[in-house]
Amino acid sequence: MTPAEKAQALNQAGMCIICGTPAKTRTRGLCRMHHGRFRRKLDSLPVEEREQFETHLIEQGLVLPNRRVSASDRQPLAFDEAFTAFKERREGSEEHAASDESSDSTRGA
Ligand SMILES: [Zn+2]
């Protein structure tokens, strides 16, 4: 049984996957206290490292996967990366683009 599977089993049994305390209200398998700690650790990391940290915790059985985040939901990150690269690439030509826009609007009016 992997740590992740053990965590799933504890969650099925209605227990916090960290402390094993029976807790009716759990978020991602964690009791209120442990979910709070998980959030604080996550928030202390730079945004770009959070997903990696979360994946690590899921593998270690320290938090359950967020069911709402499926593989297809992660796809927009690919757009973010492409968008950043695109913006960096066109930064040099921005002045030129701006003058083009203003001449267009003069023509329109
Ligand atoms: Zn707990």
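## Basis of the model

Because the model is predicted, local features need pLDDT of at least 70 and side-chain atom pairs count only at pLDDT 80 or more, while totals for chains, interfaces and linings use all residues. Residues are numbered from 1 along each chain as its sequence is written.

## Overall fold

The protein chain has six helices and zero strands, where helices (H or I, at least four residues) and strands (E, at least two) are DSSP runs numbered from the N terminus. Among contacts in the protein chain with a separation of 6 or more, 37% join residues 24 or more positions apart, two residues being in contact if their C-beta atoms, placed from the backbone, lie within 7 Å.

## Burial and the nonpolar core

Of the 109 residues in the protein chain, 14% are buried; a residue is buried if 20 or more other C-beta atoms lie within 10 Å of its own, exposed if 12 or fewer, and partly exposed in between, with C-beta atoms placed from the backbone.

The largest nonpolar core has nine residues, including Ala7, Phe38, Leu57, Leu62 and Val63, and such a core is a set of buried Ala, Val, Leu, Ile, Met, Phe, Trp, Tyr and Cys residues joined through C-beta atoms within 7 Å. Leaving aside neighbours within four places in sequence, Leu57 is in contact with Leu62 and Val63.

Arg28 sits in the loop between helix H1 (3-12) and helix H2 (32-43), and it is buried because 20 other C-beta atoms lie within 10 Å. Its phi is near 55°, a positive value in a residue other than glycine.

Lys6, in helix H1, counts as exposed because it has 12 C-beta neighbours inside 10 Å. Beyond its neighbours within four places in sequence, Lys6 is in contact with Met1 and Gly61.
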